[in-house]
Structure formats: structure tokens, C-alpha cells
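Let me put the sequence and the model up on the screen, and then I'll walk you through it.

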Amino acid sequence: MPEGDTVRQAARRLHDALAGRVLTRSDLRVPKYATADLTGRTVLDVTARGKHLLARIEGGLTLHSHLRMDGSWRVYAEGQRWGGGPAHQIRAILGNADRTAVGYRLPVVELLRTRDEDRAVGHLGPDLLGPDWDPDRALANLLGDPARPLGEALLDQRNLAGIGNVFKSELCFLLGVTPWLPTGELPAERAAQLPGLARKLLESNRERPVRNTTGLSDPDLFVYGRASRPCLRCRTPIRLADQGDGSRGRPTYWCPVCQPGPAPTPSRPRRTAAPRW
């Protein structure tokens, strides 16, 4: 699942493959940009901003993409068979004499003037892995709506950029609070820890092929993806629920003992009334 750490890795792979080289192939498979031709232009750099990817291209252009849940960029050597999915899932191709970058299932692909990048990423809060990281501003943003559940506030990229469902669940576990705790009720000492802990989690995973928050070889994560399995601290079964307004799947994992506080009531099997004849 792409979050700030994995998007940063994708940016590095794309930068290494494309930056400083002239494009010999360009294919943007979205209707608005289907006729755009970037061949003959040099890729200047590829960088990440939160969960967004920005490929800056000679002539003052930027190709902006976002991976969301299922998107990915794959890099292939000349002659290597592409294997990121069926051809109809390809949304963008950028290639040079040695490497070809192929974007699969990208929900966002747009070509911008570089000077207009703020139109795509200007709304983002401080980037946990970026040069603009500002822990005080990030915390102020998170606490700006005291009634909002902490998990929802952490996912709001306007507050701080880079956290997704995995790090949301892991961070709340390490803070010892449920993701449904109103941000205004977060104890002061834990609020003070939050920005540094969030950055530490992403920093420690920015180079890892497999995300790890436990420091163990197995399991890699404290709660995420471990529904019904025992908590590593108290052995209570980990719980799972969706968080948010229901418009998007937001799987959220937590330990009901190590993370006391508000949480959804576990659903019970629906009882069917006996038929009346």
C-alpha cells in the first residue's frame, strides 16, 4: 500500500532511470493528454511530495501522478518483458534508450506547467520525509479540529503528508490510543511525541523493501493486517474496523487493551426471526 515511504522509493527508482536522459518514448493514456508528446525532452528530476510523484521535464513541464491504493510505476531495461499488469491498465509510459518507466493503474495522471505544481500539491501539509518538514506546524494542524478522530486527522494530507492506513494504525498503537480518540483528548505528553514518532516510522522505512515497525523479523507490524491475531504486548486479539464516512475503505487495526478509548462496537450476527405461517 503506497504511503510516504514507498512513494519516496518509487521517486528514487524513476529518478535513477530517467533523470538526465532524453525521452525517446512518451505515451500518456488518459484522454486529456493522449496527444501530448514529450519525446526529445530531457527529464530533469523526479521527486516525491507526500504521496504525490512529480517528474519535471525540460521545457517547464511536470508530469504529476498519484498511486492511491493500487497504482504503481515499474522500471524495465531495454528488451525486458513488462509485468506490472495487463496492457489496458497502463496509464503512462516514459522511456529513454536504456530504461522504460511504465505507470499501471494510476488514478491521477496530469501534465502541468512546473510553475503550477502548487495546483496539485500546494494543499499538502508538512511532508514527513521532505525538506519542508515542520513538526510544530504538523501538530498544530492535527489539533486544529479537536473533535476529529485522530485516525482521520492523520490521514488528512492537509495536516501532514505521507501517512496512510498502515502508519495510521501503527502510530496510534505506539501512542497507546485508539484511532477514534478525538484529537483534542490526546494527552499532552503523547501529542508532543506524535510528530517525531511519525517521522521516525517513515524515515526508518524509506529504504526498506518490506515495511517494519516492530524491529522484529516476524511479525513486521504491531497491528496492521493482524486482525484476530494476538497483540504482541498483551496477547489480546487485534480488532479490525473501517474508519471514516464509508465513502472509501479505510481498514483500521487496534488492540482494545493497549489502546483504550472510543472504538466501534463489534458487530453481532443478525438474528433471523422465525417465520409466521
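This is a predicted model: local features need pLDDT of at least 70, side-chain atom pairs count only at pLDDT 80 or more; totals for chains, interfaces and linings use all residues.

Let's start with helix H6, residues 188-203: its 16 residues at 1.5 Å a residue should span 22 Å, and the end C-alpha atoms sit 24 Å apart, which agrees. The expected span here is 1.5 Å times one less than the number of residues.

Residues are numbered from 1 along each chain as its sequence is written, and side-chain values use heavy atoms, with hydrogens and water left out.

Back to H6. There's a bend of about 40 degrees at Leu194, with a proline, Pro195, following within four residues. That bend is the angle between axes fitted to the seven residues ending at a residue and the seven starting there. The buried residues of H6 are Ala191, Leu194, Pro195, Ala198, Leu201 and Leu202. By buried I mean under 20% relative accessible area, with exposed over 50% and partly exposed in between, using a 1.4 Å probe and protein chains only. What do those buried H6 residues pack against? Four helices: H1 (4-18), H3 (135-142), H4 (150-155) and H5 (165-175).

**Zooming out**

Overall, the protein has six helices and ten strands. Its C-alpha atoms fill a box of roughly 65 × 60 × 40 Å along the principal axes. Of the 277 residues, 49% are buried. As for contacts, meaning heavy atoms within 4.5 Å, take those with a separation of 6 or more: 59% of them join residues 24 or more positions apart.

H1 is worth a stop too. It has 15 residues and reaches 21 Å from first C-alpha to last, close to the 21 Å expected. Its buried residues include Gly4, Leu14 and Leu18. Just after H1, Gly20 takes a positive phi of about 80 degrees.

**Holes**

Points are joined across faces, edges and corners, and a volume is the space filled by probe spheres set on the points.

How many cavities of 30 Å³ or more do we get? One. The largest cavity has a volume of about 60 Å³. Among its lining residues are Leu14, Val46, Ser65 and Trp73. S3 (52-57) gives the largest share of that lining, three residues, while H1 and strand S4 (61-66) each supply at least two.

Then there's the second largest pocket, with a volume of about 170 Å³. Twelve residues line that pocket, and the closest to its centre are Pro2, Arg13, Leu67, Gly71 and Ser72. H1 turns up again, with the largest share of this lining, five residues.

Trp254 sits in strand S10, residues 251-254. Is Trp254 buried or exposed? Buried, at 2% relative accessible area. Beyond its neighbours within four places in sequence, its contacts include Trp180, Ile238, Arg239 and Pro264.

His64 is in strand S4, and counts as buried at 3% relative accessibility. Leaving out residues up to four places away in sequence, His64 touches His52, Glu110 and Ala120, among others.

Last, the backbone. The peptide bond from Asp218 to Pro219 is cis, with omega near 0 degrees, and Pro219 lies in the loop between H6 and strand S9 (239-242). Ser228 is found in that loop as well, with a positive phi of about 75 degrees although it is not a glycine; Ser228 is exposed, at 62% relative accessible area. Arg68, in the loop between S4 and S5, has a positive phi near 45 degrees and is partly exposed at 43%.

That's my tour, so over to you.

Definitions and conventions
On a 1 Å grid over the protein atoms alone, a cavity is a set of points where a 1.4 Å probe fits but cannot get out, and a pocket is an open set with protein on both sides within 12 Å along at least five of seven lines; lining residues have an atom within 4 Å of a point.
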